[in-house]
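Hello,

Here is the structure for you to look over. My notes follow below it.

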Amino acid sequence: MNMDLSPKFPATFTETEAGVYYHWAAADSQVLGEAKVAAGKLVLKPQGFVLPHYADCSKVGYVLEGKCGVALRIPGINTKENMGYIGVKKGDVLTIPCGSVSSWYNYGDSDVVIIFMADATKAYVAGEITYFLLTGQQGHLRAFSPEFIAKTYQINADKAKNLVGSQKGVLLIKLSDEEARKIPNPNEEVSNILSHNMDASQPDVEVDNGGKLTTIKGTEFPLLEQVGIDVSRLVLESCATRAPSYATESQVYYIAKGSGEVQIVGINGKLVLNTKVETGQLFVVPKLFAVVVSADEQGIELVSIVTSTR
């Protein structure tokens, strides 16, 4: 079994004055497709807005920096608590089930950085997240004829043409000052239902001068269990090492901070990866392969998912 497990940086998917969306393309990392996982990263500038969209994968977002508002509508869940405009901040984990419509707005004064990791078992493209936009140049509304839009929303043809054609952006747009003033403050009351802060969970393992491993459990965050994804954060202090471990499903790791070394042992006790890793890289550990992570002097922080809650 020959797989390229080397850590990868993402490629730019789209970039505008509002920010950048990066993705890890399956063509550049075959193991993503084989492991049926996917990942992307959003950098959203102040007053940046992500147009309403949904995706073909269930995914989790982990806020690395900043704060923003998220409008989220989960299909099949009609309770008031699960459809709203919520605020998320650094350290928050947000679960977005497959088909959920969301839009994102940076109401802060610094960049928001969010890493997304997904279960791509049912993805259209193996190892990638495919997005479907509701509006803009690549949106659904623009593709339908104005006549259909006019009938659907009971408006005249001119209004229908304006509705489908007025938004010229693609995925990321920057709001004007006037538009930004119309965005309400996030509803903090529903944040605990749709998001969970990693620091609010007790570490599974914590060693003085060594580090800690924290896993969010389904009992703390039921929506996470519903989509079948397990989220963990590993923080290692200077020169600390985590003992060998493995999972029954493939694991995706993103280096959120610092640098270090990673070794992976596969079938027949063969060392299949022995390399340095640094901030911004992503790597995959195939199911049942054993992995060791060792921090450099500055320490290292990794966020990971397993497509199982066991």
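By class, 6 nonpolar, 3 polar and 1 charged residues make up the lining of the second largest cavity. Please keep in mind that this is a predicted model.

That second largest cavity has a volume of about 50 Å³. Its lining consists of Y21, H23, W24, A38, A39, G40, G127, E128, I129 and Y131. Strand β3 gives the largest share, 3 residues. Both β2 (19-23) and β3 supply at least two residues each.

The count is 2 cavities of 30 Å³ or more. The largest cavity has a volume of about 100 Å³. Residues lining the largest cavity include L42, H53, K59, W104 and F116. By class, the lining of the largest cavity has 8 nonpolar, 1 polar and 1 charged.

Now the sheet. It is open and has 7 strands, in the order β1-β2-β3-β10-β5-β8-β13, with antiparallel pairing. Neighbouring strands are turned by 20° against each other on average, direction ignored.

Within the sheet, β3 (residues 37-44) pairs with β10 (residues 112-119) over 8 bridges, in the antiparallel sense. V37 has D119 as its bridge partner in β10.

Last, a loop residue. Q138 lies between β11 (131-133) and α2 (140-143). Is Q138 buried or exposed? Q138 is exposed, because its relative accessible area is 56% and the cut-off for exposed is over 50%. Leaving out residues up to four places away in sequence, Q138 touches L133 and V170. The C-alpha atoms of Q138 and L171 are separated by 8.3 Å, with the two residues 33 apart along the chain.

Best wishes

Terms used: Residues numbered from 1 in each chain as written. Predicted model: local features only at pLDDT ≥ 70, side-chain atom pairs only at ≥ 80, totals over all residues. Heavy atoms only, no water. Pairing = 2+ DSSP bridges. Helix = DSSP H or I, 4+ residues; strand = E, 2+ residues; numbered from the N terminus. Axes fitted to C-alpha atoms, helices over the stretch in contact; angles between N-to-C directions. Buried < 20%, exposed > 50% of the residue type's maximum accessible area, 1.4 Å probe, protein only. Contact = heavy atoms within 4.5 Å. 1 Å grid on protein atoms, 1.4 Å probe; cavity = no way out; pocket = protein on both sides within 12 Å on 5 of 7 lines; lining within 4 Å. Points joined across faces, edges and corners; volume = space filled by probe spheres on them. Nonpolar A, V, L, I, M, F, W, Y, C, P; charged D, E, K, R; others polar.
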